[in-house]
Amino acid sequence: MPDPNGFLRYERQLPKRRPVPVRIRDWHEVYPPAGEELIRDQATRCMDCGIPFCHEGCPLGNRIPDWNDLVRTGAWAAAAESLHATNNFPEFTGRLCPAPCEAACVLGIADDPVTIKQVEVEIANHAFDLGYVKPQPPVTRSGKSVAVVGSGPAGLAAAQQLARAGHAVTVFERDDAIGGLLRYGIPDFKLEKERIDARMEQMSAEGVEFRTGVNVGVDITAAELREQFDAVLLTCGALESRDTPGTPGRELGGVHLAMEHLVPANRVVAGLQDSTPIDANGKHVVIIGGGDTGADCLGVAHRQGAAGVIQLDQYPLPPETRIAGQHPWPTWPVILRNYPAHEEGGERVFAVAVQEFVNDGSGNVAAVRVADVVVERVDGVRTVTVTPGSERDLRAELVLLAIGFEGTERQPLLDQFGVTPNRRGSVDSGDDWQTDAPGVFVAGDMHRGASLIVWAIAEGRAAAAAIHTYLGAPGELPAPVHPSSQPLATVR
């Protein structure tokens, strides 16, 4: 029985971040471990609602009220068991997910929502620290084999589910280490990589085989993969970065896609290379894009010693709190989201659009020419109108384009499997997660388009359930989402 007065006795509170002057001198995670008393108090705020809409906000179907109450009573082992029942990697989601569950929290109607994400990550921390995370190898083997192409959260979740069900699973990754964007796209100040390594150790003990440095479609053909495995799951992500090829000056030196900056920076931190070809040290940096990737670039630029950073957003400054008429509870609200990187420095400029990258006379960027804009959406069509006379130049020796992704990369494996991306750049599937190629399944961002880590894990789990059935194995695996599932939204 939860504490019926918990939300009245305790206010929402998060642990303090590491001091800015300290943390920008290293790459360690921004948040230190939270005190146990703080987390118990925050878990006590959960009302254990009759209809917990946090379940609807999270595609994984996490048993949030259950593990909140277990934390409240100090039952950390049971809380870890309950959390892992629906989420393979809470140490990832608790650090990286923007928490749509909190936006759907019933307490959030009239008060601040429960700190669900923080409770989650502390359960995961306790689970590892106290030895609750142990391998769960299968009791019997099915004799069936599955190839998983791509080692992001969708692929890893599917691999773990299938291995525990007794199938022989091999994960193929073209990079030199497992993790996908978790490894080289997410900076260490958000996710230190030993978190990935610890989970890989568990999965290896469960029977998952990892093969890195293998580019499927190049180093091994689709035909060879089909011959060696009974089923194939494609989880290659949505890594085709959106670009601005029509913008004057795009070809100038110093103008780069965000991932061209983040990946080598991560490799330097990992000790895999001594320096990065795209270094913000001593430079004036302009980041184009106001989302997660832009904030990642911002934090990296601070740690590399940028002389100054400006982050541009085409949309107007959003409100700080939910506007019920536009984004009613329990849907995901459009509000101003301040990331830890924003308190480390830099300037944010809203409602502007890039008109030109200005040449310094020698083929390198010297400034970004911007203009104020008005963005409107009528009947689903977005229009951007430039305000006359508002053009101005912002100094920039380094420009980073963090304006989203256009779907999965076109690569040989798609043609070899006979799979064609749709107009959004993602790969369609049937109700059973199977592509047009029999025995070839798809999940995660490659199927959905660039999305949240919780959706990737949910799709990986659901695709694993479909593959388990396809292989004729007995019993069922949990399938939290359908291929057509969508986040909570209003119908207009």
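**View 1. Helices H5 (64–72) and H6 (76–84) are roughly antiparallel to each other.** In this predicted model, H5 and H6 pack at an angle of about 165°, with their axes 8 Å apart; angles over 145 degrees count as roughly antiparallel, under 35 as roughly parallel, 65 to 115 as roughly perpendicular and the rest as oblique. Helices (H or I, at least four residues) and strands (E, at least two) are DSSP runs, numbered from the N terminus. Axes are lines fitted to C-alpha atoms, for helices over the stretch in contact, and angles run from 0 to 180 degrees between N-to-C directions. H5 passes H6 in a left-handed crossing, a term for a near helix turned anticlockwise from the far one by less than a right angle. Asp66, Trp67, Leu70 and Val71 of H5 make the contact with Trp76, Ala78, Ala79, Ser82 and Leu83 of H6, where contact means heavy atoms within 4.5 Å. Ala75 is placed in the loop between the two helices and is partly exposed, with a relative accessible area of 26%. Buried means under 20% relative accessible area, exposed over 50%, and partly exposed in between (1.4 Å probe, protein chains only).

Residues are numbered from 1 along each chain as its sequence is written, and side-chain values use heavy atoms, with hydrogens and water left out. Because the model is predicted, local features need pLDDT of at least 70 and side-chain atom pairs count only at pLDDT 80 or more, whereas totals for chains, interfaces and linings use all residues.

**View 2. The largest nonpolar core has 64 residues.** Such a core is a set of buried Ala, Val, Leu, Ile, Met, Phe, Trp, Tyr and Cys residues joined through side-chain atoms within 4.5 Å. Trp67, Val71, Ile123, Leu233 and Ile467 have the most contacts inside this core. Helix H18 (residues 453–470) supplies the largest share, 10 residues. Apart from this core lies another, of 21 residues, among them Phe172, Val232, Phe417 and Val419. Leaving aside neighbours within four places in sequence, Ile123 is in contact with Trp67, Val71, Trp76, Ala79, Ala80 and Leu83.

**View 3. Five parallel-paired strands form an open sheet in the order S5-S13-S6-S7-S8.** Two strands pair if DSSP finds at least two bridges between them. S5 (255–257) and S8 stand at the edges with a single partner strand each, so one side of each is left without a neighbour in the sheet. From one strand to the next, the twist averages 20°. S7 and S8 pair over four bridges, and Asp313 has Phe350 in S8 as its bridge partner. Helix H14 (residues 258–269) lies across S5 and S13 (398–401), running at about 75° to S5. Helix H15 (residues 292–304) lies across S6 (284–288), S7 and S13, at about 175° to S7.

**View 4. A cis peptide bond joins Trp329 and Pro330.** The omega of this bond is about 10°. Pro330 is found in the loop between S7 (308–313) and S8 (347–350).

**View 5. Ala351 and Trp433 have positive phi values.** Most residues other than glycine have a negative phi. Phi of Ala351 is near 55°; Ala351 is placed in the loop between S8 and strand S9 (352–359) and is buried, with a relative accessible area of 18%. Trp433 has a phi of about 70° and is found in the loop between helix H16 (412–417) and strand S14 (440–442). Trp433 is buried, with a relative accessible area of 3%.
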